Amino acid sequence: MRRTLSALALFTLFAAPTLAAKPEDAKMPVETPFGKTADGTPVSAFTLTNKNGVKVKIITYGGIVAEWHAPDKDGKFADIVCGFDDLKGYLDGHPYFGAIIGRVGNRVGNAKFTLDGKEYTLAANNGKHSLHGGKEGFDKKVWKGEAVSTPAGPAVKLTYTSKDGEEGYPGTLVSTVTYTLTDDNALRIDYHATTDKATPVNLTNHSYFNLSGHNAGDILNHVLELKADKYTPGDDTLIPTGKVEPVKGTPYDFTKPTRIGDRIKEIKADPVGYDLNFVHGAKREAAPQSVAKVTDPKSGRTLEVLTTEPGIQFYTGNFLDGKVKGKGGAVYNQYGAFCLEAQFFPDSPNKSEFPSIILKPGEQYTQTTIYKLGVTK
Ligand code: GLA
C-alpha cells in the first residue's frame with residue numbers, strides 16, 4: 001500500500017506537470033456540452049485557443065462560430081462576432097449568426113431549378129425564393145464534431161450527411177467543414193463535399209463581425225477594401241439579373257479603402273444597406289486569394305478575407321432590428337455587424353451565364369476561406 005502511494009506521489013510530482021506541458025496538448029480543442037436540441041440530440045462546443053490567447057468557440061449545431069475573442073491594438077480582447085450565450089438563443093431563431101450555410105448559400109429564384117432536364121422544387125423561405133439552403137438548411141443541423149490537432153493549430157472537423165431529397169435537393173451530400181485556428185490569428189475554413197447524384201452546392205459561413213466588439217454599436221465607421229471590380233446587380237428581391245457589371249461609379253466601388261457608411265444611404269434597397277454579391281473571379285481558384293480587408297479605426301483590429309471562391313456577399317446587417325438578444329444581453333441593431341460570405345453567385349442553378357455550382361458523382365467539392373485578424377495602430 002505504502003509503495004503504491006509513494007509511486008503515485010512520484011507520478012504526481014514529476015510525470016503530471018510534464019504531461020500538462022506537452023506542446024500538442026495546447027493545440028487540441030476543448031470539447032464541452034452545449035445543450036440539447038428539441039429532439040434530445042446533444043450539441044457540443046469546441047474551444048480553439050492559439051499561442052496568442054485568441055479563442056474561437058464553435059458549436060456543432062449549425063457549425064456556428066459562436067465566439068471569437070481577439071486582441072485590439074493595445075492587446076485588449078473582445079468578442080467580435082454576434083451570437084448567443086446558450087443553445088436556446090440559436091434554437092429560438094436568428095439570422096444565421098456564424099453558421100455554415102448549405103446546401104446552397106444565398107438565393108435560388110422561385111425556389112426552383114432544372115438540372116439534366118428535371119425540374120426540382122425547393123422549400124421557399126424568402127418570399128417565393130429559397131434562401132440559404134431552405135427551411136432547415138445546414139445552419140440548423142447538428143454536425144458530428146471531432147477535435148483534431150494539426151501542425152497549423154487546433155482544429156475541429158465537422159461532418160454532416162444531407163439526404164437525397166432534403167429541402168428538395170437531389171443526391172446524398174456528405175460535407176465536411178474543418179475550422180483551424182492558426183498562430184497568425186486566422187480562422188481557416190476548409191470545406192469538402194461529395195455526392196451520389198448531380199446537385200448544386202454552394203457552402204459558406206455567415207459570421208457577423210463587429211471589429212470593435214459584437215455589442216459595440218454600428219460598423220459604419222469600419223473601412224472596407226474589396227478587390228472586386230464587378231458585381232451582380234439584382235431585382236428588389238435580390239435575385240440577380242444575370243448581368244455582371246462594373247462597380248466603378250456606383251456606391252459598390254470599394255476597390256479603394258472606403259468607410260462603409262459613406263455611401264450606404266445611396267443604396268436603393270428596402271431595408272437600405274449593402275446586401276450584394278461582388279465578383280472578383282470567374283472560377284474557383286486552387287489557392288485562397290486575398291479579396292477583402294476591413295479596418296476598424298477605433299479598435300485598430302483588421303480582418304482580411306482570403307478565399308478560393310469567385311464571389312463574396314457583402315451584407316451590412318440591414319435586417320437586424322434589435323429584436324434578438326445576444327450574448328450578455330447585447331442588442332443587435334441595424335448595421336450592428338457585417339458579413340463577408342465567400343460564395344459562387346446567387347441563383348447560379350438558374351443562370352447558365354454564371355459559373356456552375358453543380359457537383360457530380362465522383363467529383364470533390366473543395367473550398368478554402370480564411371478570416372485573418374490583425375491590428376493596425
Ligand atoms: C444574407 C442575405 C441577406 C439576409 C441575410 C440574413 O446575407 O443575402 O439578404 O437574408 O443573409 O438575414
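1. Glu341 sits in strand β25, which runs over residues 339-343. Strands here are DSSP runs (E, at least two residues) and helices are DSSP runs too (H or I, at least four residues), numbered from the N terminus. At 2% relative accessibility, Glu341 counts as buried; buried means under 20% relative accessible area, exposed over 50%, and partly exposed in between, with a 1.4 Å probe and protein chains only.

2. A word on the model and its conventions. The structure is a predicted model, in which local features need pLDDT of at least 70 and side-chain atom pairs count only at pLDDT 80 or more, while totals for chains, interfaces and linings use all residues. Residues are numbered from 1 along each chain as its sequence is written, and side-chain values use heavy atoms, with hydrogens and water left out.

3. The UniProt annotation "active site", from an unreviewed entry, covers His206 and Glu341. The two span 136 residues in sequence, yet their C-alpha atoms are not more than 6.0 Å apart, so they gather at one spot. UniProt positions are given in the numbering used here, feature names are shortened, and annotations may be inferred rather than shown by experiment.

4. His206 is found in the loop between β16 (204-205) and β17 (223-226). With 3% relative accessibility, His206 counts as buried. The side chains of Glu341 and His206 make a polar contact at 3.5 Å. A polar contact is a pair of N or O atoms within 3.5 Å; within protein, one must be able to donate a hydrogen and the other to accept it, and residues adjacent in sequence count only if both atoms are side-chain atoms.

5. Which residues does Glu341 touch, not counting those up to four places away in sequence? They are His132, Thr204, Asn205, His206, Gly311, Ile312, Gln313, Tyr315 and Tyr371. Contact means heavy atoms within 4.5 Å. Leaving aside neighbours within four places in sequence, His206 is in contact with residues including Pro95, Tyr96, Phe97, His132, Tyr315, Cys339 and Glu341.

6. Both annotated residues are also among those that come nearest to the ligand: of the 13 residues around the ligand, these are Arg107, His132, His206, Asp275 and Glu341. A residue is near a molecule if one of its heavy atoms lies within 4 Å of it. By class, the shell has seven nonpolar, three polar and three charged residues.

7. For Arg107 the distance is 2.5 Å, for His206 it is 2.8 Å, and for an N or O atom in the side chain of Glu341 it is 2.9 Å. Taken alone, the ligand exposes 310 Å², and the protein buries 95% of that. These areas come from the Shrake-Rupley method with a 1.4 Å probe.

8. Some backbone geometry deserves a look. Most residues other than glycine have a negative phi, and most peptide bonds are trans. A cis peptide bond joins Gly102 and Arg103, with omega about 0°, and Arg103 lies in the loop between β6 (100-101) and β7 (107-108). The peptide bond from Asp270 to Pro271 is also cis, with omega near -5°; Pro271 is in the loop between β20 (258-259) and β21 (275-279).

9. Asn106 has a positive phi, near 70°. Asn106 is found in the loop between β6 and β7 and is buried, with a relative accessible area of 1%. Phi of Glu167 is positive as well, near 55°. Glu167 lies in the loop between β12 (153-162) and β13 (173-181) and, at 18% relative accessibility, counts as buried.

Notes:
Ala, Val, Leu, Ile, Met, Phe, Trp, Tyr, Cys and Pro count as nonpolar, Asp, Glu, Lys and Arg as charged, and the others, Gly among them, as polar.
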